[in-house]
Amino acid sequence: MEEYMEREDIIKKLESDLESIKTKNDLQTIKASYLGKNGIVTNLSLKMKEIPNEEKKEYGKFLNLIKEEVTTKLNDKEQELDKMLLDMKLNNEKIDITLPSRRSLKGSIHPMTRIVEELEDLFVSMGYDVISGPEIDTDMNSFTKLNLPEGHPARDAQDTFYLDKDYLLRPHTSPAQVRTMEANKDKTPLRIVCPGKVYRRDDDATHSHQFMQFEGLVIGEDISLADLKGTLELFAKKLLGEKTNVRFRPSYFPFTEPSCEVDVTCFKCGGKGCSLCKQTGWIEVLGAGVVHPNVLRMSGYDPEKYTGFAFGPGIDRFAMFKYGITDIRQIYTNDIRFLEQFDRKDVD
Ligand code: PHE
């Protein structure tokens, strides 16, 4: 029974080896010294060839037993170590629930987003679709197809940011008219609005090099200036209040004929005259008109069959009025102290 003695000794030694270890690395070293190359158990297996044939069976049983015992002990230790390490980690990461919590930051809706959403709701309720166009557009869509002949002042680099000879930062949302007509190929009725940023080489307290417009386009049979008037009157009253009056002045845009500029009752003084309206009682808010036959034709609509109207207000002014903003540049500088004010209930 020499072998069994040896077995007990091996297990005892293993137990004492395992007793004091604290890391998985130590366990790995011990494992290797029993089961690895040149390990105690491995060497016992190698002895098999020296065992006389009649004892081989018995020796085999002994080997299996010891391997099983060693493996079980090593596995048990591994589990014990895992648990110990996890406990240690959990203890170290203990959360002090008596500490005051961190205040979560609450976002607010940007004043321009509020205006855009309000206008979109209004026009969607009148059957319009909302579309968006790219801020980088072509000279073709922004000018040529809007009947702006070469050499027109609006093409002048003073006003428009050109990227190269064909591409530019759109100086108005009117290319949305071209894009919509071309995408719809002579289908009517067409009723769209297109809110978006536009860019011009301008920068002072009331002009920003980037601002927002809200293009509108309607095309169908028998659409007239009267429809444009009715739509814009409704738009002004809904956005600025029922008391708002609307005034149409003849104007010129190459893409509309006739064209007009539209004024509304000054939103600061209500029409009495103040510094904002330069004592006139009126504020100019948009350009509009009946779509020029050339514009319809160039984008695939038959001007003999269809007519339309278009309008394009700059909407930053509406936000400035509604939220008492005095410098248009505040709208675009993303100063958190400015933006936080719009979280207050009273702006809703
Ligand atoms: N695009 C013109 C501008 O930016 C406004 C406009 C739009 C005029 C549609 C007529 C029709 O000034």
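Biologist: Which residues form a nonpolar patch on the surface?

Modeller: Patches are made of residues with over 30% relative accessible area and no salt bridge, joining like charges within 9 Å and nonpolar side chains (Val, Leu, Ile, Met, Phe, Trp, Tyr) within 5 Å. A salt bridge is a side-chain nitrogen of Lys or Arg within 4 Å of a carboxyl oxygen of Asp or Glu. Here Ile136, Leu163 and Tyr167 form such a nonpolar patch, and together they have about 300 Å² of accessible area. The areas come from the Shrake-Rupley method with a 1.4 Å probe, and for residues only the protein chains shown count as cover. This is a predicted model, in which local features need pLDDT of at least 70, side-chain atom pairs count only at pLDDT 80 or more, and totals for chains, interfaces and linings use all residues. Residues are numbered from 1 along each chain as its sequence is written, and side-chain values use heavy atoms, with hydrogens and water left out.

Biologist: Where is Tyr167 found?

Modeller: Tyr167 is in strand β3 (residues 167-169); helices (H or I, at least four residues) and strands (E, at least two) are DSSP runs, numbered from the N terminus. With a relative accessible area of 41%, Tyr167 is partly exposed, where buried means under 20%, exposed over 50% and partly exposed in between (1.4 Å probe, protein chains only).

Biologist: What is the phi of Asn38, and what is that of Lys278?

Modeller: Asn38, although not a glycine, has a positive phi of about 70°. Asn38 lies in the loop between α2 (24-35) and α3 (40-46) and is exposed, at 63% relative accessibility. Lys278 has a positive phi of about 50°; its place is the loop between β7 and β8 (282-291), and at 69% relative accessibility Lys278 is exposed.

Biologist: Is Tyr306 buried or exposed?

Modeller: Tyr306 is buried, at 8% relative accessibility, and is found in the loop between α9 (293-298) and β9 (307-313). Its C-alpha atom is separated by 8.5 Å from that of Thr188, 118 residues apart along the chain.

Biologist: How many cavities of 30 Å³ or more are there?

Modeller: On a 1 Å grid over the protein atoms alone, a cavity is a set of points where a 1.4 Å probe fits but cannot get out, whereas a pocket is an open set with protein on both sides within 12 Å along at least five of seven lines; lining residues have an atom within 4 Å of a point. The count comes to 2 cavities of 30 Å³ or more. The largest cavity is lined by Leu27, Gln28, Lys31, Leu74, Asn75 and Glu78, with α2 and α4 (53-92) each giving two or more residues to this lining.

Biologist: Which residues lie nearest the centre of the second largest pocket?

Modeller: Of the 11 residues lining that pocket, Lys106, Gly107, Ser108, Ile336 and Glu340 lie nearest its centre.

Key. Points joined across faces, edges and corners; volume = space filled by probe spheres on them.
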